[in-house]
Amino acid sequence: YVFFQKFKTEERIKIETWSLAQSSLLEANDDLTEDIDPIVLFAYTNLNTSTPMILVEAKDGSMSFNNIDDVKTKDSVYVAELLAKFEKENTPIPIRYKGELYSTIYYGNSVVLNKLKYYPLTLILVIGLFGAVAFFFYRSTKVASQNKLWTGMAKETAHQIGTPLSSLVGWAELLKIENVNPEYITEIEKDIDRLIIIAERFSKIGSVPKLEKSDIVIETIESYEYLKTRFSNLIDFQLKTIEPPYYVNLNRQLFSWTIENLVKNAIDAMKGKGVLKVVIEKTKKEVLITITDTGKGIEKAKFKTIFEPGYTSKKRGWGLGLSLAKRIIEDYHNGKIKVISSQINKGTSIQISLNAFID
């Protein structure tokens, strides 16, 4: 900036020196002619090849131009705008002859000066770019380290669950021998199967899951019905679905986990009482699964924030359920998950969209 100001001052000194030379030349030629053509004088004496200038004669307002496109000088509107611009950039310099105003020089910044004017901004942008890249690299490294930590914890959890789970399977078999009520054993086996699924879910974190052709309608209904029997009768469970089958590429365990997270979040939002509705719809290219509750709702500004890791509105919560759901649907299944509508104290609708299976 300092260099720019210094350069600007030097250019003005050159123009002022030239104006003094013009005045001196007019006085020196006073004995030769009473009327010197200012246009000829201007073109003859000006040696500046970079600074755009306009010389306006005081007598009749005629103009001469230097370092300005000849075609544009024929446009009176353009010339008027250029004069106003030059006057704003630099104070016009008068040329006097015999104590009276003979002509006025209007000049603008040279091309070099204009470029120099914006170099600091360019430099700031470049520094900002490097800073952004450095921050992105640091953040990516940090996130990668966190992901490794969570992956390790998840796999260790799956391993730890496996040991007591094996014992539970053995105890269930012993209960069959002891002629315990078969209904009790059936319910125990259901929960054992559920624990096996949970262990498989944790074991899959950090690795690319295998997708298989599956009927999304049946898988959604099975997950929904299981959860329905595990919650209070104060929840009015409603289901509206299309006729199966509708095939998509799916990892059953992870998709079931997503439905479970969304349903549990909906029930928490309703504080264990309200209407929970699941709607399955289809188009030619995708299936839409919408989960709607009558809970406390979400502010519009937080529609995307709720899917970020660590975000939670509960006093006791890690804020991982919805972020896991987003990762499972978008990263592993190439689908989409989003809040499609929400009103405070009226409820929220979250929608999953998955592409149809293509042979």
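**Notebook: hairpin, sheet, pocket, ring pair**

I started with strand S10 (residues 336–343) and strand S11 (residues 347–355), which run antiparallel and are joined by seven bridges. I'm working from a predicted model, where local features need pLDDT of at least 70, side-chain atom pairs count only at pLDDT 80 or more, and totals for chains, interfaces and linings use all residues. Residues are numbered from 1 along each chain as its sequence is written, and side-chain values use heavy atoms, with hydrogens and water left out.

Terms, for my own use: two strands pair if DSSP finds at least two bridges between them. Helices (H or I, at least four residues) and strands (E, at least two) are DSSP runs, numbered from the N terminus.

Back to the hairpin: S10 and S11 have three residues between them, and Asn345 in the turn shows a positive phi of about 65 degrees. Ser341 sits opposite Ser349 in S11.

**The four-stranded sheet**

Next I looked up an open sheet of four strands, ordered S2-S1-S4-S3 with antiparallel pairing. Its edge strands are S2 (63–66) and S3 (93–97), each pairing on one side only. From one strand to the next, the twist averages 20 degrees. Helix H3 (residues 76–89) packs on this sheet and touches S1, S2 and S4; contact means heavy atoms within 4.5 Å. The direction of H3 makes about 105 degrees with that of S1. For these angles, axes are lines fitted to C-alpha atoms (for helices over the stretch in contact), and values run from 0 to 180 degrees between N-to-C directions.

I also checked S1 (residues 53–57) against S4 (residues 100–107): five bridges, antiparallel. Leu55 has Ile105 in S4 as its bridge partner.

**The second largest pocket**

Which helices each supply at least two residues of the lining? I found helix H5 (182–204), helix H6 (216–228) and helix H7 (252–269). H5 gives the most, with five residues. Lining residues include Lys190, Asp193, Glu219, Tyr226 and Arg252. A pocket here is an open set of points on a 1 Å grid over the protein atoms alone, where a 1.4 Å probe fits, with protein on both sides within 12 Å along at least five of seven lines; lining residues have an atom within 4 Å of a point.

**The aromatic pair**

I got one aromatic pair, counting rings of Phe, Tyr and Trp (its six-membered ring) with centres within 6.5 Å; planes under 30 degrees apart are stacked, over 60 edge-to-face, the rest tilted. Tyr224 and Phe237 are edge-to-face, 5.8 Å centre to centre with 75 degrees between the planes. Tyr224 is in helix H6 and Phe237 in strand S6 (residues 235–240), 13 residues apart.
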